[in-house]
Amino acid sequence: QVFPCPTAFHPTADVHSRSVHGNEGDTDDEFESFKRSVQWRSSRQRRRDGGPTPAAEAKIGELEQALRSREHLTESLLAVLPDMIFLISHDGTFLGCWGQPIDTFKPPEAFLGKRVEDLFPPELASDMMRSIELALGGDIPPFLEYELPANGEIRCYESRFAACAPNEVVAFARDITERKRAEENIHRFKTTLNQTQDCVFIFNPGSLKISYINKGATNQVGYSEDEMKEMTPLDIKPEFTEASFREMIEPLLKKETTYHVFETVHRHKDGRNVPVEVNLQYIDPVNEEPRIVAIVRDITERKRAEEAIRSSENKFRGLVEGSVQGIVVHRGGRILFANQAYAGSSLPIGFGQTISHPATVAFMTRMLELKGGEKILEIGTGSGYQAAVLAEMGARVFTIERITQLADRARRLFDELG
């Protein structure tokens, strides 16, 4: 008995053994032939001395030992295989079963003597018979993956077929439910990452070679997934050298910090730079290779918004600082901001000139003690502020300015004020 099984054994199992172990099966034929020869010679010998010769007994012992060794090897192989092994005839009849029990929709002994079409749904049975035909024809049939109910749930299986005799095949059946669930979880995880707007890169901390990127990353840098897997982060980070990059990630590898955030640019495949914010995290799972995960966000719009805010602030500050009116911002009696006019200093009006503080202008105007109708000559028009104040008090003002640009600007201001 070459394939011992607690549930069944087919008398042609020695044929199965030859397909698995090659020429070792020839030992059976040699043993049987030798036994017949020995039995014939032994009968003659026994007629002379009543027993077989020592040489015959030694040869029989050697062959029996060889068979026991082969049986032990076969039993060991079957014990470690994670499969159920079925012997099936060309017409789909189950002749034997061995190997590790798996969760099947029927107990192993229920297969014996039954045909494929008696046990499986029509479409699956048809696929199995096609695989049996291909195997017997010398082809390598594809793996069959299918689902069947077992123990109150739907489980996934994989079957492979190989010819072991002219009219028989051996089928290896494996429960792949947990593998399929793991694959589904990985697929769901990758799908989730591909739907995110942020980019995800995973790379080896030693070689720096990229092992994974999501769809957002391919969109950001313009390279395909296959291209990126031949690259390192340095290929898309022009602001870093290998030395400076390794120096940056060293605290992560030493676990002195759990993450590192920084801003840089990514070089797109077309040569343009994309401003990004990068969050690096070092992952070191048990019994797995360590890796660094980089979550990268395109901050182009944020940079544009920041620049617009800075430009607006500068423009506003220029208007406030250049105003001849005193402007102060305070909260709870505390001054937070005061422009130059409020602070009492002269204000620049361009071309190296200044205007006196409004309080100074008011003091000088009060000292004139105007009644209205006076003629006043002003030397140095500047911004036109003093002339406008005097005119508003009823004086007829003549003002002279040596800097043409200031004179033209003051004239336009007077025209606007009427």
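Thr232 touches Ser207, Leu208, Lys209 and Ile210, leaving aside neighbours within four places in sequence. Contact here means heavy atoms within 4.5 Å. Thr232 sits in the loop between H8 and helix H9 (242–253). Helices (H or I, at least four residues) and strands (E, at least two) are DSSP runs, numbered from the N terminus. Thr232 counts as buried, at 18% relative accessibility. Buried means under 20% relative accessible area, exposed over 50%, and partly exposed in between (1.4 Å probe, protein chains only).

This is a predicted model: local features need pLDDT of at least 70, side-chain atom pairs count only at pLDDT 80 or more, and totals for chains, interfaces and linings use all residues. Residues are numbered from 1 along each chain as its sequence is written, and side-chain values use heavy atoms, with hydrogens and water left out.

Now follow the chain into H9. The helix has 12 residues, which should span 16 Å at 1.5 Å a residue. The expected span is 1.5 Å times one less than the number of residues. The end C-alpha atoms of H9 are 15 Å apart, which agrees. Which residues of H9 are buried? They are Phe245, Met248, Ile249 and Leu252. These residues cover an arc of only 80 degrees around the axis, so they lie on the same side of H9. The arc is that of the directions from the helix axis to the C-beta atoms. An α-helix has 3.6 residues a turn, so residues three or four places apart point the same way. The buried residues of H9 pack against strand S6 (199–203), S8, S9 and strand S10 (291–298). On the other side of H9, Ala243 and Glu247 are exposed. After H9 comes Lys255, whose phi is positive, near 60 degrees.

Next, look at charged pairs. A salt bridge is a side-chain nitrogen of Lys or Arg within 4 Å of a carboxyl oxygen of Asp or Glu. The whole structure holds 28 salt bridges. One of them joins Lys180 and Glu183, with the closest N and O atoms 3.8 Å apart. Both residues lie in helix H6 (residues 177–195), three residues apart, so about one helical turn separates them. Lys180 is partly exposed, at 29% relative accessible area. Glu183 is partly exposed too, at 37%. Lys180 and Glu183 also belong to a network of salt bridges with Glu145, Glu158 and Arg179.

Other pairs reach across the sequence. Lys269 and Glu227 meet in a salt bridge, 3.1 Å from N to O. This pair links distant parts of the chain, 42 residues apart: Lys269 is in the loop between strand S8 (259–267) and strand S9 (273–283), while Glu227 is in helix H8 (residues 225–228). Lys303 and Glu263 form another salt bridge, at 2.9 Å from N to O. Lys303 lies in helix H10 (residues 300–322) and Glu263 in strand S8, so the pair ties together parts 40 residues apart in sequence. Lys303 is partly exposed, at 32%. Glu263 is partly exposed as well, at 40%.

Finally, turn to a nonpolar part of the surface. Leu377, Ile379, Phe398 and Ile400 make a nonpolar surface patch of about 430 Å². Patches are made of residues with over 30% relative accessible area and no salt bridge; like charges are joined within 9 Å, and nonpolar side chains (Val, Leu, Ile, Met, Phe, Trp, Tyr) within 5 Å. Accessible areas come from the Shrake-Rupley method with a 1.4 Å probe; for residues, only the protein chains shown count as cover. Strand S15 (375–379) and strand S16 (396–400) each supply at least two residues of this patch. Ile400 lies in strand S16 and is partly exposed, at 48%.
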